[in-house]
Amino acid sequence: MTQNAKVPFVDLIAPHKELEAELVSVVKEVLHTAGFVGGPMVEGFEGDFAKFCDAQFCIGVNSGTDALRFALFAVGVQPGDIVLTVPLTFIATSEAISQVGARPDFVDVDARSYTMDPEQLRLYMETKCALDPKTGRWVHKTLQMPVTAIIPVHLYGQMADMDPLLELATKYNLIVIEDACQAHGAEYFSKKANRWFKAGSMGRAAAFSFYPGKNLGACGEGGAVTTNDEAITRKVKMLREHGQSKKYYHDMEGYNGRLDSMQAGFLRVKLKHLAKWNESRRESARKYNDLLAATDTNIITPFEPVRSKAVYHLYVLQVDNREAVQSSLAKENIDTGIHYPIPLHLQKAYQSLGYAPGDFPVSEKLVERILSLPMFPGLSEADQARVVSALARSEQHTGPEKVLVR
Ligand SMILES: Cc1ncc(COP(=O)(O)O)c(C=O)c1O
């Protein structure tokens, strides 16, 4: 390989070539049975994925966004409720909240783990909300709207600090929906239960995305809700199928939100490799950490607390002079990403909610500094070494403004 060969951000071709024969046999089976919608492929995948997540039920849907929206409906979030999430996430998290008629509001993330800060949630509930003794619900004092649910996001493949979040949720009567769209297979050690839990098994319900670039990605769109609750399962199944309880008997209005059979078949093939792929990502993360530790830079590597086994959907650094670093990597043909450049509360889409710069300082500072490096199963050590030496060189060029924040 020449020095200038591209280091891609993600490689979606190699795994599909490797699994080509099995994936093609899924296509043939679908064609030969005309089982395009629903049926054994979807049910088979749902069973396998529920098992993988240590959840009782899995309901395949059309996308992660559908999964979040259907989960919110199914747990009983009502128009006029407030649902709390974080400003540092993909907009689908808050879109789903708005699309069930609720109002998204935010609590900041923890500066090291980048997931919902339980202390900020506690402050929000203590200072901004009051218990309505008539309904037993906690109501936002200014907005006069009940806060009924939270969506912690397992960002970049690392689970949020669920023990304190669940404890606060119990105290304040909040329903917890995990946004596990980036965290297939991530694990959390609950001190309270004294055991490890998989992403998707801790909240009342959880949402997964199978967008192609995810740790478990379809060859198109896909998503799933996992839950241990039978009533939620029934409701999500109805919601994905126009609200019908049986064919043409519509108990409510729903959506066309099914997981396509062919995608379910592909996902079932790929699921068998997910644990191995996640381990390869973890290995690459360790390698990046080691290589970066040996450089003389101010770069901050991802923080993985002992309570966590992250699956590194993304490997995200903090760097000074991010734009300069990113463009110097681009000049060396190394692809990087920014997840995400603008925190949700400052997006145009949420102007009407009235937030201002300074409202969520941790997220605001992070979005200026974060840089996602190439990360995918099978990323070569040689490419990682090239990425890190390019980073070390670019950091030296940006020397004078360096602040030691490690
Ligand atoms: C954190 C998060 N939530 C929700 C979604 C939405 O998933 P989808 O794109 O499958 O609708 C994504 C996917 O990009 C995501 O990363």
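I take helices (H or I, at least four residues) and strands (E, at least two) as DSSP runs, numbered from the N terminus. The model is predicted, so I keep in mind that local features need pLDDT of at least 70, side-chain atom pairs count only at pLDDT 80 or more, and totals for chains, interfaces and linings use all residues. Residues are numbered from 1 along each chain as its sequence is written, and side-chain values use heavy atoms, with hydrogens and water left out.

**Entry 1, the largest pocket.** I work on a 1 Å grid over the protein atoms alone: a pocket is an open set of points with protein on both sides within 12 Å along at least five of seven lines, a cavity is a set where a 1.4 Å probe fits but cannot get out, and lining residues have an atom within 4 Å of a point. Grid points are joined across faces, edges and corners, and a volume is the space filled by probe spheres set on the points. The largest pocket holds about 500 Å³. Its lining has 27 residues, and F90, Q182, Y211, K214 and Y340 are the closest to its centre. Two or more lining residues come from each of α4 (64-75) and α5 (92-99). Which element gives the most to this lining? I found that α4 does, with 3 residues. By class I noted 12 nonpolar, 11 polar and 4 charged residues in the pocket lining, where Ala, Val, Leu, Ile, Met, Phe, Trp, Tyr, Cys and Pro count as nonpolar, Asp, Glu, Lys and Arg as charged, and the others, Gly among them, as polar.

I counted 1 cavity of 30 Å³ or more. The largest cavity has a volume of about 110 Å³. Of its 14 lining residues, Y156, Q158, P302, F303 and Y312 are the closest to the centre. The cavity lining splits into 9 nonpolar, 3 polar and 2 charged residues.

**Entry 3, a sheet.** I followed an open sheet of 3 strands, in the order β9-β8-β14 with antiparallel pairing; a pair needs at least two DSSP bridges. β9 (195-198) and β14 (308-309) are the edges, each with a single partner strand, so one side of each has no neighbour in the sheet. Strand β8 (residues 187-190) is joined to β14 by 2 bridges, and Y188 has S308 as its bridge partner in β14.

Is S363 buried or exposed? This residue of helix α11 (residues 361-369) is buried, at a relative accessible area of 0%. Buried means under 20%, exposed over 50%, and partly exposed in between (1.4 Å probe, protein chains only). Leaving out residues up to four places away in sequence, S363 touches P87, L88, D108, V109 and P343, with contact meaning heavy atoms within 4.5 Å.
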